[in-house]
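Please consult the sequence and the structure shown here.

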Amino acid sequence: MSANFIAFDDIWPRVIEELAASDPVPDEALPVYLVRDLSGRVTVTVSDTVEAGSEACAALERFADRLSGRLGAHARPAESAVLHVSDRLLHTLSATATEIEGFPRVYRVERLMTEGGWWTVTAPADALHPLRCTLFSVKGGVGRSTTLAFLAQHLARSGERVLAVDLDLESPGLSPTLLEPERCARFGVTDWFVEELVGQGERVVPDMLAAPAWAQECEGEVFVAAAHGATPGEYLAKLGRVYVSSRDASWTLRLQNLLGQLEKTVAPTISLIESRSGLHDIAAAAVTDLDAEVLLFAAGGESTWLDYGVLFNHWNQQRLSRHIRDRLAIVAALAPHDGREAHMRDFRVRAWDLFRNHLYDAVEGHEVTDDTVGAVPDAEDAFSFDLNERNAPHAPLEINWTRGLVAGAPIMNLDEPILLSAYGRFVEPFAERILSRRAGEQA
């Protein structure tokens with residue numbers, strides 16, 4: 001391998017080294033955004049009010065020139081290494097920027113295909129909205145659709161007004177699980193996104209919502225916003241346009257607007273949102289940007305823990321842990337009937353290790369062990385929990401594998417004993433940890 005080969009993973013460490021070694025970025029140039037583009041090249045970006053030829057501009061050019069020697073192929077050409085842009089564009093960059101620790105008002109920005117990703121966590125909204133719960137997994141096939149359908153039915157029977165939204169657009173399955181075919185709405189989520197691009201989003205909303213016939217026997221109500229309508233139409237053509245950012249709004253903001261319009265129409269007491277699985281940045285918005293409680297589904301297996309570790313470590317590195325960790329609850333999906341107790345003991349330990357290593361606070365000067373985490377007097381304010389703490393984020397909500405619980409089966413066709421066998425250990429902890437959190441309240 002060539003001696004001057006610089007890998008993608010080396011970019012930000014080298015940028016930070018150069019920031020530490022060089023003269024401070026001049027105050028008159030602040031804020032400064034170091035933007036890594038889709039090709040992986042870094043551009044120094046500042047306001048166009050920083051005049052060309054000024055001392056501040058010269059300092060930035062010297063910094064960019066030094067960076068070019070450090071980043072190899074990931075550096076911009078010298079003539080375009082410093083970009084002067086309007087304050088309006090800088091404001092857009094700030095939405096996904098992360099301040100570099102130790103360098104006030106110097107930010108790193110990742111430019112991604114969807115202009116969204118795992119780099120930000122939206123703060124709770126000032127305006128009250130219904131309780132929201134996102135169902136997410138790093139792997140598919142763990143029962144998210146079936147669980148969402150069960151929750152919709154269970155909550156409606158308990159008197160809740162439920163909005164169920166299918167955002168797993170590449171693999172939609174919520175509609176057949178919740179709705180009788182003849183009850184499907186005319187339009188779906190994909191229709192809203194393509195029509196909103198031409199200013200017709202609000203006109204689609206009333207024809208997006210469908211109520212299943214079985215819910216008429218419930219004390220509450222259920223409304224379903226499916227991925228597509230009764231007739232999918234040109235679904236793939238629409239899907240290719242769903243994640244486009246409009247001239248006025250990023251895709252994440254468009255998603256927030258969609259959910260707000262649906263909630264305004266339905267006025268639910270709880271919104272259940274099925275996210276796309278995997279670590280793609282498309283899934284990020286449903287997890288980080290909807291001010292929702294998040295159920296993290298896991299069926300065990302080394303690759304699942306590794307993938308969640310990648311995500312948690314990223315949040316930790318980006319200093320986002322404290323903004324997301326109290327919204328999380330892990331789900332032990334498909335717990336086996338044979339050897340269930342041993343499986344759940346191992347699952348709890350693996351989940352605790354995951355959270356402890358990445359999201360829980362370390363107790364300074366004290367060794368973290370099974371017996372002491374969460375029990376140290378001087379750690380009363382720390383976000384740390386004992387291995388066996390009942391309501392900790394790592395404490396698994398258990399869903400049992402049950403014969404007869406076929407993935408994608410219509411919820412109205414499943415017998416009560418089957419559902420009780422699968423979700424009997426899930427309902428009470430879900431109520432304690434998720435339902436108790438209404439908008440504007442702390443658990």
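The model is predicted, so local features need pLDDT of at least 70 and side-chain atom pairs count only at pLDDT 80 or more, while totals for chains, interfaces and linings use all residues. Residues are numbered from 1 along each chain as its sequence is written, and side-chain values use heavy atoms, with hydrogens and water left out. Helices (H or I, at least four residues) and strands (E, at least two) are DSSP runs numbered from the N terminus.

**Buried helices**
- Eight of the eight residues of helix H10 (residues 281-288) are buried (under 20% relative accessible area, 1.4 Å probe, protein chains only).
- The cover over the buried residues of H10 includes helix H9 (251-266), helix H11 (302-317) and helix H12 (321-324).
- In helix H15 (residues 427-435), the buried residues include Pro 429, Phe 430 and Arg 433.
- Among the elements covering the buried residues of H15 are helix H4 (144-157) and strand E12 (328-335).

**H4 and H14**
- H4 packs with helix H14 (residues 416-423) at an angle of about 110°, their axes 12 Å apart (axes are lines fitted to C-alpha atoms over the stretch in contact, and angles run from 0 to 180 degrees between N-to-C directions).
- The two helices, H4 and H14, are therefore roughly perpendicular (65 to 115 degrees).
- Residues in contact (heavy atoms within 4.5 Å) include Phe 150 of H4 and Leu 419 of H14.

**H11 and H13**
- The axes of H11 and helix H13 (residues 340-358) come within 9 Å and cross at roughly 20°.
- H11 is thus roughly parallel to H13 (under 35 degrees).
- Among the residues that meet are Trp 305 and Phe 312 in H11, and Phe 347 and Leu 354 in H13.

Methods:
Buried means under 20% relative accessible area, exposed over 50%, partly exposed in between (1.4 Å probe, protein chains only). Angles under 35 degrees count as roughly parallel, over 145 as roughly antiparallel, 65 to 115 as roughly perpendicular and the rest as oblique.
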